Amino acid sequence: MTTDIWFDNEELSNASGNPDRPYDEINLSAEAFWWATAAEREKTFAVLRRERPITWQPPFEAQLIEVPDDYGYWAITTHRHLIEVTRRPEDFRSAPSILMENLPVQVIDAAQSIIAMDPPRHTGLRRLLASAFTPKQMRRIEDQIHANAARVVDNLIQKAKESPDGWVDFVAECASLLPMHNINDMMGIPDGQRQEAAEWMMKATSWGDPEYAETQDETIEMLFDAVVYMHDLAEDLIEQRRVNPGPDLFSSLVLAEVDGERLTNHEIGSFFVLLTIAGNDTTRQSIAHGLKALTDFPEQRAWLLEDLPNRMGTAVEEIVRWATPIATFRRTAARDCELDGVQITQGDKVVLFYSSANRDELAIERPHELDLSRHPNPHVGFGGGGIHHCLGNQLARFQVRALFSELLTRCPDIVAGEPEMTPSNFFHIVKRMPCRPFPA
């Protein structure tokens, strides 16, 4: 691999396609498309996968900021093409952003960390961070993860007992609490601050939701306030760990060196924001979508309950596939190249549609059926491999397994009602979802 393909982000920031290139007749960038249900979107994806899996799309319709010369992006809808793009980092870069729409560059810089980096900087920093997320490290904190799972199920049961009709919001009282406690235990965040941090990150991932901000200016202000709060919190904790390091991840980052250099406070803060968003939201969505799936497919729940300890492994993989908590990631062409006969120009945006790839009939047998025994399960819920494969995939698996093991042991008849979704082209967000832990 030659080094001349890794160039400064500024060279790519404004280039995004040919203004004369015709757009596909199916528009994946319409705001209404992302307000539709996942099932409705899948009907569109199925047409594209079958007839024209790589299409040129207009810029996202509801941009927060306008970027000159942004003419659109290539939409990648099949499993095999997504895998190929992911594994060609020399052609398809993660910088300057992994979002399909344009956000203020200050927000991107403060929140995306290694997920929007490329070699060589990405290589050393990821190697350092990966040491905290190995299977061995996950086994070391497994008891704490199980303790937190029991803690949040205790909370759910108590809230249900206090409810007049036995129904309670599963997201607020269970799904969101488990990753919040586990991530903050790893980082060493005090209990009083973790709830406020989680609330800010909830807002930061809901920039398309009018419940949190009605106007463009309000949305941008909310995003800035969220990342400023998180970086201020990180700054305080960094200074504490420099004086009194402990066994937490913050201390490891403060003391670590990459290529002979210590991480800056900003780099640590940016990774903290990324971990808080990615670690909380993706696990929360997997758990919420997972409970709804177990409600909608009772025969699958019955199969799982017959041998819960030995069947949770494959069940977790299928729950992640079914949920697909991340809908899209963007790459940017580092140079003129070709993808399955399609000519892609340096600077073009390339957007990977994970929600489509995880329903690709050519890669996954019976993709529209929930099959908790599915094996092998080549889902891309943690990415498509390559240098940016999800760093926290083992942590996510441990959490989903611990939560459903605890929940289905103590509340085997729990059912979910209809979820209230947050429209988003990035996360597959269940904002609220009623559940009843025990039969009426």
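**Close-up views of a predicted model**

**View 1. Aromatic pairs and one aromatic cluster.** The structure contains twelve aromatic pairs, a pair being two rings of Phe, Tyr or Trp (its six-membered ring) with centres within 6.5 Å. Phe 33, Trp 34, Phe 45, Tyr 73 and Phe 353 make up one aromatic cluster. The model is predicted: local features need pLDDT of at least 70 and side-chain atom pairs pLDDT 80 or more, whereas totals for chains, interfaces and linings use all residues. Residues are numbered from 1 along each chain as its sequence is written, and side-chain values use heavy atoms, with hydrogens and water left out.

**View 2. Charges over tryptophan rings.** The charged end of Arg 21 sits over the ring of Trp 56, 4.3 Å from its centre (NZ of Lys or CZ of Arg within 6 Å of the ring centre and within 35 degrees of the ring normal). Lys 203 lies over the face of Trp 200, 4.7 Å from the ring centre.

View 3. Arg 335 and Asp 91 form a salt bridge, their closest N and O atoms being 2.6 Å apart (side-chain nitrogen of Lys or Arg within 4 Å of a carboxyl oxygen of Asp or Glu). Arg 335 lies in the loop between strand 7 (328-333) and strand 8 (337-339) and Asp 91 in the loop between helix 3 (79-86) and strand 3 (92-93), so the pair ties together parts 244 residues apart in sequence. Helices (H or I, at least four residues) and strands (E, at least two) are DSSP runs numbered from the N terminus.

**View 4. Cis peptide bonds.** Pro 119 and Pro 120 are joined by a cis peptide bond with omega of about 10°. The bond from His 375 to Pro 376 is also cis, with omega near 0°.

Note on methods:
Rings of Phe, Tyr and Trp (its six-membered ring) pair if their centres lie within 6.5 Å; planes under 30 degrees apart count as stacked, over 60 as edge-to-face and the rest as tilted.
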